[in-house]
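User: Hello! I would like to walk through a structure with you, one question at a time. Could you keep the terms clear as we go?

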Amino acid sequence: MQALDALLNRVSVPRLLEPAPTVAQREVLFAAAMRAPDHGQLRPWRFLTVEGAAREQMGTLLAEAARLQDPKTPQAMIDKAQNGPLRAPLVVVVIARLQEHFKVPKSEQRLAAACAAHAILLAAYAQGIGAVWRTGGTVLFAPRRSRPGLESRRRSDRLPVPGRSAKPATHRAERRPDSLCQRLACSLKRATGKV
């Protein structure tokens with residue numbers, strides 16, 4: 001598959017079935033993630049794979065986080081958090097491992113981790129694996145001490161979840177790139193009134 005094909009055609013696949021990606025496929029996913037932009041070569045990301053019964057444990061942590069975040073959270077939302085990890089055979093938690101650095105701010109390190117997550121999604125698509133990026137308040141809020149493999153300096157807020165698509169992926173309505181881009185010269189003209 002050509003790189004541009006993955007960039008231009010990748011779609012999120014929210015309903016995923018067994019089997020989970022093979023060991024060889026996972027190696028490709030993580031190798032792609034390692035190619036994310038990385039100013040300072042800090043590799044400010046770590047990956048935690050969650051599958052099998054561990055998904056239920058993860059769901060318990062997310063449900064606990066929902067309760068802690070807002071004690072008035074409706075039971076339906078808590079149940080949704082509890083069952084969320086079961087919607088895919090594999091959950092990849094992308095952890096931003098933030099470090100003090102004289103040249104690379106933590107905000108940039110978070111962006112690098114997000115790029116690693118995006119690379120996992122692109123590599124999944126390129127291998128014919130369905131995947132979707134899931135996140136939310138409970139992921140950000142879940143107490144770090146209760147999450148396996150995490151330390152206080154780490155933040156997990158990206159969950160690429162790969163698996164076999166339950167139904168054919170649908171492309172969303174295309175939006176022309178020029179509707180989202182502006183030329184600086186045009187912006188300056190409007191601001192100053194000069195050509």
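Predicted model: local features only at pLDDT ≥ 70, side-chain atom pairs only at ≥ 80, totals over all residues.

User: Is E18 buried, partly exposed or exposed?

Analyst: Buried means under 20% relative accessible area, exposed over 50%, and partly exposed in between (1.4 Å probe, protein chains only). E18 has 48% relative accessibility, so E18 counts as partly exposed.

User: Which residues does E18 touch, not counting residues up to four places away in sequence?

Analyst: Contact means heavy atoms within 4.5 Å. Although E18 and P89 are 71 residues apart along the chain, their C-alpha atoms are separated by 5.5 Å. Not counting residues up to four places away in sequence, E18 touches P89 and R164.

User: What is the peptide bond from E18 to P19?

Analyst: P19 has its place in the loop between β1 and α2. With omega near 5 degrees, the peptide bond from E18 to P19 is cis.

User: Which residues does R164 touch, not counting residues up to four places away in sequence?

Analyst: R164 lies in strand β5 (residues 154–165), and at 46% relative accessibility it counts as partly exposed. Leaving out residues up to four places away in sequence, R164 touches R15, L16, L17, E18 and P19.

User: Let's turn to the helices. At what angle do α2 and α5 pack?

Analyst: Two packed helices are described by the angle between their axes and the distance between the axes. Axes are lines fitted to C-alpha atoms, for helices over the stretch in contact, and angles run from 0 to 180 degrees between N-to-C directions. Helix α2 (residues 23–33) and helix α5 (residues 106–126) have axes 7 Å apart and pack at an angle of about 140 degrees.

User: Are α2 and α5 parallel, perpendicular or oblique to each other?

Analyst: Angles under 35 degrees count as roughly parallel, over 145 as roughly antiparallel, 65 to 115 as roughly perpendicular and the rest as oblique. The angle here is about 140 degrees. The two helices, α2 and α5, are therefore oblique.

User: Which residues is R26 in contact with, leaving aside its neighbours within four places in sequence?

Analyst: R26 has its place in helix α2, and its 15% relative accessibility is why it counts as buried. Leaving aside its neighbours within four places in sequence, R26 is in contact with A20, P21, E51 and L90.

User: Which backbone oxygen lies 2.6 Å from a polar atom of the side chain of T73?

Analyst: T73 has its place in the loop between α3 (54–69) and α4 (75–83), and at 17% relative accessibility it counts as buried. The backbone oxygen of A66 lies 3.1 Å from a polar atom of the T73 side chain. The one at 2.6 Å is the backbone oxygen of D70.

User: Is Q41 buried or exposed?

Analyst: Q41 is found in the loop between α2 and β2 (45–51), and has a positive phi of about 50 degrees although it is not a glycine. With a relative accessible area of 72%, Q41 is exposed.

User: Last one: how many of the 195 residues of the protein chain, as a percentage, count as buried?

Analyst: The protein chain has 7 helices and 5 strands. Of its 195 residues, the share that counts as buried is 37%.

Note on methods. Residues numbered from 1 in each chain as written. Heavy atoms only, no water. Helix = DSSP H or I, 4+ residues; strand = E, 2+ residues; numbered from the N terminus. Polar contact = N/O pair within 3.5 Å; in protein donor to acceptor, adjacent residues only side chain to side chain.
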